[in-house]
Amino acid sequence: MIIRTLILTQTFFCLQNPSSEITAFKLGIPYLYVVSGTTMDCQYRHLLANWIFLGLTASTTMHLCWSRFLTDQLMKIQVVNEVNKDFVIEALRSIAELITYGDQHDAAYFEFFMEKQVMGELVRILRISRTVIVSLQLLQTMSIVIQNLKNEHSIYYMFSNEHINHLITYSFDFRNEELLSYYISFLRAISGKLNKNTISLLVKTHNEEVVSFPLYVEAVRFAFHEESMIRTAVRALTLNVYHVGDEAVNKFVASDPHADYFSNLVKFFREQCINLDKLVTASKCLAPDTSGSILSAVDEIEDNLYYFSDVISAGIPDIGRLITELMLNVLIFPSIVPSLRMEVVKDSDTVIGTTTSLYLLCCILRIVKIKDLANIVAAVLLCDIETFVPRSEAKLNGFMANHDMSHENQDSENGGFSSDSDGQSIRVLIPNISNSLNSDPEEQPYHGSKYSALREALLSYITTGDDVQVSGSLSMLATLLQTKELEESMLDALGILPQRKQQKKLLLQALVGEGSAEEQLFSSENIVKDEIGSEMDCYIQKLKEQYGLLCVCKEVTVSPRIQRLQVLDALVSLFCRSNISAETLWDGGWLLRQLLPYSEADFNSHHLKLLKDSFHSCTSSILDETKGTWPDLLIMVLCDEWRKCKRTIEASSPRKEPKSMLLPSHKSLSEELTSGESSFASGERLFEIVKVFVLLHQLHIFSVGKVLPDQPLIHPTVDVMETSRAKRAGVDSLGPKPSIELRLVDAVPCRIAFERGKERHFHFLTISVGISGWLILADELPVRPSFGVVRVVAPLGGCNPRIDEKHMRWLHLRIRPSSFPYIDAAKHTAHAKVKSKALVDGRWTLAFRDEDSCKAAFSMIVEELKLLSNEVERRVKPMLDIERTVDTSTK
C-alpha cells in the first residue's frame, strides 16, 4: 500500500509538471522513466496511470510496456535536433539499461527488441541526427550494452543483420576528439566479444574467402594516431582479431592491401628507433638531462616489440614471416647492421648509432621470439659489413635496384644501403675466415679492420672501445647466449656456446652412436664443422631467396675452438683494461662465467698470466687504499662487494637490462668538484678499485676449477694492546661517544672556532682501535684533572694533517663523513638528488699554544694513522695472496 501511494504521488507530479523534459523514479531495477510534456502522447500518460492505479506493479510488464513506448516514440522522430535531442539521449540510455537488464534476467526483453528491430532503429536515429551529442550517446550506449552482454543469443542478435557494421562504417566527424575516443571504445568492445562463431557475423565472404571486415579495416586506420591511448586500443582490438584463430580472417588480414598495416607498423617502429637515437646522441653532447625522455622512448619501443611478440604468438604463419621480413629489410639490414662497425660515420638519417643499434638488437632478440629472425641475425654477424653492396643488375623479391654503386664507394652513403630500403637488393661476400685465423689466436688483434666480420667488430668494442661500447657489445653477446631460438651450432660458430652444452651434445651423439662423436668427445678440439657448415648454408640460402641477399661464402666452417679462443682473448683483454668501469667489467665476468662454468682447457696459461698480472696491479692499489682516505671502510666494502660480485657472476642472467647502455653515465663526484681531491672522490675510487679487485680474484678462482667461497679470506680482529693509547684512555672498540668521560692521555690543549668570532678551548686527542680511528675534542673536567668529557668526534681516516707554513702553531685537518654513500648503478639517480647537500668535507684549523704542541699533535695523528693502516693491511693480507686464497677455497 505504501509503495502504491508513493508511485501514485510521483506519477501525479510527473503528469502535472510538463515543464520538465524528463523525470524518473525508481521502481526496483532498472529505472522507470516517465516522460512529460509535449514529447509524450497523452494516451501513454493515461495508460501508465491506469497501470499504476490498477496495481500492475510487476516490473517485467511495466518495463516491456515502457520499452514499447520508447521504441514507438523513437520511430515517430523524423529528425533529431536541438528540440528533441534530450529525449533521444535519455531514451538511448533507458534502452541500454533495459537491454542489459533483460539479457541477464529475462529473455522476453530481447524477444521484444528483436521484434521491434531496435538495432535498425538506432542506426536510423544516427543517420537523421544533426547533433554530435546524440552520436556520442549512441556510441557510449552501444559500448556499454556490448560489454555487459552475457547471453550468447543476445550477442548474436546484436552482431547480425549488418547493423553493427553500419555503425562501424558510418561517417563520423572525427575532428571531435571525444567522438573518436567513444568510437574506438565501441570498436574495442565489439572485439572483446569475438570468437569463431561471432566473427563470421561481422565479415562478408565470397567463395569462402573474406572480402570485407569493417571492424578491422576501420580500426587500423587509427593505428598510428598521435594519441597513445587510441593506438593502444587499436592494438588490443587487432590482437583480439588475430587470436580468434579463424583461417579465413587470418588470410584476409595477411593479404594485400591489409598487410600494409604491418609494413607501416615496422616503419613507424623504425621512426621511433631513429628518434631514440637522436635522444641518445643529444645526451652525449652534454645536453640537459635527457634520461626521462630516453626512458619514455625506450618504453614505447619495448611496448611495440611486445606487441609484435603478441601478434606472432597468435600463430598466424603468414604474419610471422611477414614481420620477420619487414624487421630485417626495413630496420635491421639498412639501419642497424651498418652501425655495428668501428668508427662508423653516420651520414644518413636512416642509419642508427652504434649504441642504439646494439640496444635494439638486444631487445629484438629478447622480446620477438622468431627462430628465423634470431638465426639470421647470428648469420649476419659472421658476415663482412663492408661487403653489403646494392646490386643494380639483380632483381630479387620483385624489386629492382635503381642505380649502380661500386664496392669502393657505396658505403659512404648509408652503410651499403640506399635510404629507401624497400627498393634495394643486397650482395654479401663472406670472406675466407680461416685465412685470417692461421696464426696463434691468442695473438690475434681485434681492431675492427675494414674487412672484419661483424662478430669481430663486437670483439673490437670489448678490447678497444669505450665504456658504453663495451657494455653494448657484452649485452649483445649475453643476449645471443640466452636466446633460446638460436641454434647451438650458430652459438658455436660465434664462439659463445657454453662448454657444458658442447659436452652434453657430443655425449648425446656418442650415446646414440653418431659418426665420430665419441672421438670428438675425448678430443682436444671438440668441433663439429659439418653441422655448423650445414646450418650456415641453410641461413645463407634464406638470405638469398627470402631477403634478396646474394651471399658468396668461401669458407665458414672454421673451428669453433678458434672462435671461442677469440672471445676468451677479448674478455681477458677487457679485464686488463684500466679505463673501463667496474660495473661493465662485472658484466664481462658474468659472460666469462657462462662460457667457462668449470675449469676449461681453452682457458690456458696465457690467460691466467694476464689475469694474474692485472690482479697484482690491482693489489698495489688496494695497499694504497689502506693508507688512503677510507681505510676504516675498506674491509667492510671488500666483504660487501665480494658477496655482490659472486651473486652477479653466478646469476642465470645479466643483472643490467640492455637499456642501461643508453642512459647518460652520471657524473662522478670527483668530476663535479672544482678544486683538490675530496674524500668523496677518494671514496668513489675505493669502490671502483675494490670491485675490480674482487672480480679478478673470483675470476682466477673459478678459472682454475675451484669453488667461490661465500666470504673473502679476511684475518679476524685482535685484542687491543694494553699499551695502546685507546686502552690507556679507556676507549673500547665501539669508540668514543659525545658526553662520555675518558682519560686525557697525551691530549694537547688547543683552540678552535666553529663559528666566526666564537673561539672555544678543548683538549685534542687521537685514538685508533683496530681498523677504526677518531679525532677527539674534549673538555677537561675541573674536579678531575687528566679526565675530560668528549664534545666532538670526527673520523681519523683521511684527515690529511698539515701544519700551516706561515703559522707554525696552526694545524689544518680535513674532516670527512663517518660513512660513505654507497655507489650503486641502480641507485645513482636517487643518490644524485641528495649528494649536493650531503657530500661536503669539513675543515678544522686547530691553534696550539706553541710550535712544539702543534708538532706533538701532528705526530700523534701520524702515529695513530699508521697503526690503523697496519691493522687494515694485516687483515686483508690473505686476500692479496691469490694462491693462498685458491688453496683455502679448495679445502
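Where does helix H34 bend, and by about how many degrees? In this predicted model, H34 bends at Arg874, by about 35 degrees. A proline, Pro878, follows within four residues of that bend. The helix covers residues 851–880 and has 30 residues. From its first C-alpha to its last, H34 reaches 41 Å. That is close to the 44 Å expected at 1.5 Å a residue. The N-terminal end of H34 is capped by Asp850. Here a side-chain oxygen of Asp850 lies 3.3 Å from the backbone nitrogen of Asp852.

The wider chain comes next. The protein chain has 891 residues, and 54% of them count as buried. Its secondary structure consists of 35 helices and 17 strands. Contacts in the chain were also sorted by sequence separation. Among those with a separation of 6 or more, 73% join residues 24 or more positions apart. The accessible surface of the chain comes to about 40,800 Å². Carbon and sulfur atoms account for 51% of that surface.

Is Ala478 buried or exposed? Its relative accessible area is 4%, so Ala478 is buried. Thr479 has 7% relative accessibility and therefore counts as buried. The cut-off for burial is under 20% relative accessible area.

The contacts of the two residues can be listed in turn. Neighbours within four places in sequence are left aside for both Ala478 and Thr479. Ala478 is then in contact with Trp590, Leu591 and Pro654. Thr479 is in contact with Cys362, Leu365 and Arg366.

Ser160 is found between helix H8 (152–159) and helix H9 (163–169). Ser160 counts as buried because its relative accessibility is 19%, and the cut-off is under 20%. What does the side chain of Ser160 reach? It reaches the backbone oxygen of Tyr157, at 2.9 Å.

Definitions and conventions. Residues are numbered from 1 along each chain as its sequence is written. This is a predicted model: local features need pLDDT of at least 70, side-chain atom pairs count only at pLDDT 80 or more; totals for chains, interfaces and linings use all residues. Side-chain values use heavy atoms; hydrogens and water are left out. Helices (H or I, at least four residues) and strands (E, at least two) are DSSP runs, numbered from the N terminus. Buried means under 20% relative accessible area, exposed over 50%, partly exposed in between (1.4 Å probe, protein chains only). Contact means heavy atoms within 4.5 Å. Accessible areas come from the Shrake-Rupley method with a 1.4 Å probe; for residues, only the protein chains shown count as cover. The expected span of a helix is 1.5 Å times one less than its number of residues. The bend at a residue is the angle between axes fitted to the seven residues ending there and the seven starting there. A polar contact is a pair of N or O atoms within 3.5 Å; within protein, one must be able to donate a hydrogen and the other to accept it, and residues adjacent in sequence count only if both atoms are side-chain atoms.
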